[in-house]
Amino acid sequence: MQGSRILLIVGGGIAAIKIPELIRLLRREGASVTPVLTPAGAQFVTPLSLSSLAEAPCHTELFDLTRESEMGHIQLSRAADLVVVAPATANLLARMAGGLADDLATTLLLATDKPVLVAPAMNVRMWTHAATQRNIAQLQKDGIRFVGPDEGEMACGEFGAGRMSEPEGILHAIRVALGQSRPLRLPPEAVVSLPSRGVLSDRHVVVTSGPTHEPIDPVRYIANRSSGAQGAAIAAALRDLGARVSFVTGPAEVAPPEGVEVIRVETAQQMREAVEAALPADAAVMAAAVADWRVRDPQASKMKKDGSGRQPDLQFVENPDILAWISQPGPQRPGLVVGFAAETDDVLANARAKLARKGCDWILANDVRPATGIMGGQENAVTLVRADGSEEWPRMSKREVARKLAERIAASLNGNAGKDSE
Ligand code: C5P
C-alpha cells in the first residue's frame, strides 16, 4: 500500500473507537491517511488522536475548508485513491443514498470521483430495517463497496449482524479495493466487499501455525518459541488470492486473520488430528513450530517442590511429525506440501536434508540465530528449497514473504513451475 492515499471518514458510532487501530495498520503498510471526523464521530474519538496517528490534519468542518479556498472540499475528495467510511452509521448511509451534502462528510462523498468503501456499524434492528436495506441496495447500485458488517455481540447488548468489521478485515477490503481500482458505477453483480474469485478460488489450503504446548502438569508445558506471525501472514495471503484456508493454530501470540477457518489446538497430537480432519486439500503449508517431544505422563495435579532438592523425572516421547505424515504418498496427500526449516547452522544443507527426509515438495528455510532478529520480529530472510534447486529471497517483511509464497503456490497449482518470471 506504499504511497496509497486514503480519505477516511469516521462516522458517529461506538465502533469509531476501533479507527485509531485501522489508521495504525494503514500507516504501517505505507498508506497516507487523511481523517475526516463527523460531529457525531467526535463523541467517540477526538480529532487530535486521529490526526496524531495519521500524522495529518483531521478535518471536521465544511466551512473551514471553503474558507481556505473555494474548492477545498472538492480537492480533498479527489486527492485520494480511495474514500473509506468507517464506521458508516445508518444515518450516514441514508444520507449518502439520498445524495445529501449537508456536512463535510456527505459533501466529500458527493464530490468525489474515487471509489468508496463503507464499513457499516449499527444495531442489528437498524441494519435489518427495510429503510437501511433499501439504502444499501441503492448504494450498491451506485457502485459503493461494502465490507461487513459482521455478526456478533453489540455494544448495546444485543446479538446479530451490524458489528463493524475488525480493522484487519477493513484493511483487507481496502487492499482489494485499491488493487482493483474499478471505476464508480459498477453493475450490482460486480459489487462485492471481498474478492469472490482469485487465482486460488476453488482451492483449499491447510496452514499450520504457532507453537504447540505439551503439558507437564496442569500449569506447566514445554513449547518452541513461535509468535505465529509468519503462519498468520501466509493464511491471509492465500485468502487474498481467493483460497479457502483451514488455519490450524497452536496458542500463538498473533491473532488469526479474518476470513479463514480457524481450528485452535494445544498439542502436536491435536494438531495432527485437526490437519487430518481438514483434508482433503490442494496444498498444505506447515508453518507451525511443533514440539518434537511431549512428556510421557503429564501429571493430573500441579507438581510441588518438597524442599528436598528432588527434581521432576520427566520422560519424553516423540510427537507425530505432521509434515512427514502429510507428505506420504496416498490419496489424501495434497498436490503441494510446503514445510519450514528454522535453523541456526548450515541452513541450506539442513533444509535440503529435511526436504528429502520429510518427503515434502518445498522447504522455506530460514536462519533463526538470535542475531538475525527473525524470531518474533517483523522480517524474514528465506531460501526456497526444492528438489530441483534453491532460490534465496532477499530479506523482506513476513507479510511479503507470505505474498510471494502464496503467488508461488498459485502458480504451481495452476500448472506452471512457480519460479520467478523475471
Ligand atoms: O524437523 P523440524 O521441526 O525442523 O521441521 C520443521 C518443519 O516440519 C516445519 O514445517 C514444521 O511445521 C514441521 N513439523 C511438523 N511436525 C513436527 C515437527 C515439525 O509438521 N512434529
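**Entry 1. Asparagine 319**

I began with asparagine 319, which I found in the loop between strand E15 (316-318) and helix H12 (322-327). I note that the model I am reading is predicted. Is asparagine 319 buried or exposed? I looked up its relative accessibility, which is 7%; asparagine 319 therefore counts as buried, since the cut-off for buried is under 20%. I then listed its contacts, leaving aside neighbours within four places in sequence: Glu214, Ala268, Gln269, Ala291, Asp292, Trp293 and Arg294. With arginine 294, the contact includes a polar one between the two side chains, at 2.9 Å.

**Entry 2. The two domains**

I next consulted the domain assignment, which divides the chain into domain 1 (5-177) and domain 2 (204-299 + 313-413). Their C-alpha centres are 37 Å apart. I recorded 9 residues of domain 1 in contact with 5 residues of domain 2. Together the two domains bury about 590 Å² between them, and 32% of this lies on carbon and sulfur atoms. Which residues of domain 1 lose the most area to domain 2? They are Arg28, His172 and Arg175, which together account for 58% of what the domain 1 side buries.

**Entry 3. Polar links across the interface**

I looked up 2 salt bridges across the interface of domain 1 and domain 2. I also noted a salt bridge between the side chains of arginine 399 and glutamate 29, at 2.6 Å from N to O. Between the domains, 4 residue pairs are in polar contact. Helix H9 (residues 167-180) gives the most to the side of domain 1 that touches domain 2, contributing 5 residues.

**Entry 4. Cis peptide bonds**

The bond from glycine 148 to proline 149 is cis, with omega near 5°; proline 149 is in the loop between strand E5 (145-146) and strand E6 (150-153). Leucine 279 and proline 280 are also joined by a cis bond, with omega about 5°. I located proline 280 in the loop between helix H11 (268-278) and strand E13 (283-286).

**Entry 5. Positive phi angles**

Glutamate 55 is not a glycine, yet its phi is positive, about 55°. I found glutamate 55 in the loop between helix H2 (47-54) and helix H3 (62-68). Its relative accessibility is 61%, so glutamate 55 counts as exposed. Aspartate 202, likewise not a glycine, has a positive phi of about 75°. I placed aspartate 202 in the loop between H9 and strand E8 (204-209). At 68% relative accessibility, aspartate 202 counts as exposed.

Terms used:
Residues are numbered from 1 along each chain as its sequence is written. This is a predicted model: local features need pLDDT of at least 70, side-chain atom pairs count only at pLDDT 80 or more; totals for chains, interfaces and linings use all residues. Side-chain values use heavy atoms; hydrogens and water are left out. Domain bounds come from an automatic or database domain assignment. Contact means heavy atoms within 4.5 Å. Buried area is the accessible area (1.4 Å probe) that two parts lose on being put together, summed over both. A salt bridge is a side-chain nitrogen of Lys or Arg within 4 Å of a carboxyl oxygen of Asp or Glu. A polar contact is a pair of N or O atoms within 3.5 Å; within protein, one must be able to donate a hydrogen and the other to accept it, and residues adjacent in sequence count only if both atoms are side-chain atoms. Helices (H or I, at least four residues) and strands (E, at least two) are DSSP runs, numbered from the N terminus. Buried means under 20% relative accessible area, exposed over 50%, partly exposed in between (1.4 Å probe, protein chains only).
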